[in-house]
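This report concerns the structure displayed below. Please keep the sequence and the coordinates in view while reading.

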Amino acid sequence: KKRISHTISTVSGEKNPIVGKFGSFGGKFVGEVLISPLAELESEFNSVLLDHDFKMEVETALRDYVGRETPLYHAQKLTDHYKNINGEGPEIYIKREDLSHGGSYKMNNVVAQAILAKRMGRKSIITATNMLRKPSNVQLMELLGAQVKPVEGSFQAAASESTREWISNLQTGYYLAGTAVGPHPIPTMVREFNSVIGKETRRQAMEKWGGSPDVLVACVGTGCNALGLFHEFVGDKNVRMIGVEGGGVGTNTGDQLHSASLVRGEVGVYHGAMCYLLQDEQGQITKTQSIASGLEFPGVSPELSFLKDAGRIECYTVTDQEALDAYKRVCRLEGIVPALEASHAFAYLEKLCPKLPHGAKVVVNCSGTGYNDATTVLNS
Amino acid sequence: ATSITKPSSLTYPRSSFSQSSLTFNKVSTFRPKSLTVSCVMTQQPEAAAQSTVLRPDSLGRFGKFGGKYVPETLIQKKRKELDSILRDYVGRETPLYFAERLTEHYKRPNGEGPEIYLKREDLNHTGAHKINNAVAQALLAKKLGKERIIAETGAGQHGVATATVCARFGLKCIIYMGAQDMERQALNVFRMKLLGAEVLKNQICIVVSTVVLEDYTILVRAVHSGTATLKDATSEAIRDWVTNVETTHYILDVRLIGVEAAGFGLDSGKHAATLTKGEVGVLHGAMSYLLQDDDGQIIEPHSISAGLNTRWEIARRAGQIGWLMGRNKFMSPFANCLFSLVIIYKNAAFKRLSRLEGIIPALETSHALAYLEKLCPTLPDGTKVVLNCSGRGDKDVHTAIKHL
């Protein structure tokens, strides 16, 4: 127990991780050829964390380009919806990452890494993304000047291909990790660049009600947006943290497809890191499914994996249908359209709120806008 | 085909609005010597320094334009509540972003050029400036005790913004949309319904009537035409409002000003350049420039961008600009050459901002961005240009791609 609590405080306070391990999770399970570039990245990352100019440049970009800080919005109608017959219930606050440039929290990490890449003198950025569900995103990427190379297969295949591309361009290329899963220093870096979410929330909570949140709720794909909100509060014992994963059609039967790595997965190595992942008896990665494509990752952040084992975070799943219902509920009650991913977090409120004491402060991370999910919702 | 009442035959309405604790702002007199217009760079900086805010007189007139042919929106007292909503719900204040790469693009060979700043209204909740107006009017409606909101919409953006605020404020929302627009924008119709709004197809009808309500004379002309687009929806909405005025507030859409759509060019007859080519008439309750032929019939406007496709776009603010155009000879030749370049560069401007700044602008905004090509070479080194990035353009990618 002592060792776990020591490591939690290390995790919560860490700025310059040496080993890249979160308990037994994390690490660098990669081929020889990546060891040196990752070490270089780690060294650069550690140095910019102490660099005032870098911090100023990132802050300015986050403020003027991305549109931070994002509001912590008191959702009165959603709060009223969860009041019981005595008029008692928790207070629901929404962290509005949907208002960021690009429509989601992802820009925080991307902007910081792009500035880092420029500092390192790199000329090109390589990354992997999922294009299957939203072909219109390809048009957007090309309009913005990107070269999009299609890869047969799932996101895993795209990630492998982009890693190969990076390896053949190590001098001029920069691999921009968009997920919290990967070899060290990637999970730490992505978490650190997203932690602005939690830092703002702490300040805004203090302004609004003179305290900290009681419960934090976020959806979990690989864990970036959740960690972005949670990390700041890991050391605050009185702040509950809830991660909500994609239950797909339902997790009751073993046969049904879902994306619940933390709830239903086992420990293994995925994309160079030890973490919870969904694998079959032969250790093969299983197919995942969720109505929200951003939740369809078989692996999850090593840091979240550690926090789950340490009992610091609670993990649940909601089904596709529950997420769709939540999407519609938030639209109707607040005029806010949450991404289907974030709708999973909103869906969990149905189970959570009846059990909370009157006046408990709940912060839900609205990790992105669901404006473009309308087609999926229409077709469902 | 429609007949328009010529200005001279109208009676001006009397002023007081009996209803309430709400007050008018004090009107300041506009000094004719000042050249300042908020959307245009002046070439005489000392005149710009004397600028005063252009306000209508107590009858809502800007000279002979504007006027209270429909009850005007009033300034409300409860700033604090509005400010809180603008901050936590809409996401204000929006950044004033220094567009470094766009600035570089406009540098001349000797390294000189203006500095371009973008006012990021694209970052607002719902992705455009429209929500500012919708939120304030919804608050106003609640204060007036209205339960029902109506609005018209063309492409659906104003409809979605209105439905959004109605959901937030618990108001019943009815959106009027032209039948053709409803087909083209089916996804937006779905979005409005998800937000709890009722979307009504415009019923084509002819209503010509003059209704006297309290101290106001409201002139309502609904237009019968085959197009079933925004102007028909607008007329239908006005008719609904007049019928249900006790319970209903009409959220008027304040549109873009300053840069009009030149369509196929000003000489082709197929454009929407109301201010440049139009003449004075009345449509939808405000005297403004309209596109009309010699018999006073309205000519259909033409533009790729649905949001700029009607004179109603300009009617609300045309009074301001029209007055200035009439009074100030400097503006007119300037305005004429301004608008004709718009169609040629708009799509290029859409692409340029995407490539250089990673910001995808609305096609409407792209009209203003296109004008920078003409403007920047004329500006002295270091001039600070603020361009209103009025909305984001994810919705326009399909349309724009075809023309790129």
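The sections below describe a sheet in chain A and a residue in chain B of this predicted model.

## Sheet architecture in chain A

Chain A contains an open sheet of six strands, arranged in the order S3-S4-S12-S7-S8-S11 with mixed pairing. Its edges are formed by strand S3 (72-74) and strand S11 (314-318), each of which pairs on one side only. On average, neighbouring strands of this sheet are turned by 25° against each other, direction ignored.

Strand S12 of chain A spans residues 361-366 and is mostly covered, with six of its six residues buried. Lys361(A), Val363(A) and Asn365(A) point one way from the strand, while Val362(A), Val364(A) and Cys366(A) point the other way.

S12(A) runs parallel to strand S4 (residues 91-96) of chain A, to which six bridges join it. One of the paired positions is Ile92(A), whose bridge partner in S12(A) is Val362(A). Strand S7 (residues 215-219) of chain A also runs parallel to S12(A), and three bridges connect the two. Here Val217(A) stands opposite Val364(A).

## Asn133 in chain B

In chain B, Asn133(B) belongs to helix H4, which covers residues 130-143. Asn133(B) has a relative accessible area of 17% and therefore counts as buried, since the cut-off is under 20%. The side chain of Asn133(B) makes a polar contact with that of Gln137(B), at 2.7 Å.

Terms used
Residues are numbered from 1 along each chain as its sequence is written. Chains are lettered from A and ligands numbered from 1 in the order in which they are written. This is a predicted model: local features need pLDDT of at least 70, side-chain atom pairs count only at pLDDT 80 or more; totals for chains, interfaces and linings use all residues. Side-chain values use heavy atoms; hydrogens and water are left out. Helices (H or I, at least four residues) and strands (E, at least two) are DSSP runs, numbered from the N terminus. Buried means under 20% relative accessible area, exposed over 50%, partly exposed in between (1.4 Å probe, protein chains only). A polar contact is a pair of N or O atoms within 3.5 Å; within protein, one must be able to donate a hydrogen and the other to accept it, and residues adjacent in sequence count only if both atoms are side-chain atoms. Two strands pair if DSSP finds at least two bridges between them. Axes are lines fitted to C-alpha atoms, for helices over the stretch in contact, and angles run from 0 to 180 degrees between N-to-C directions.
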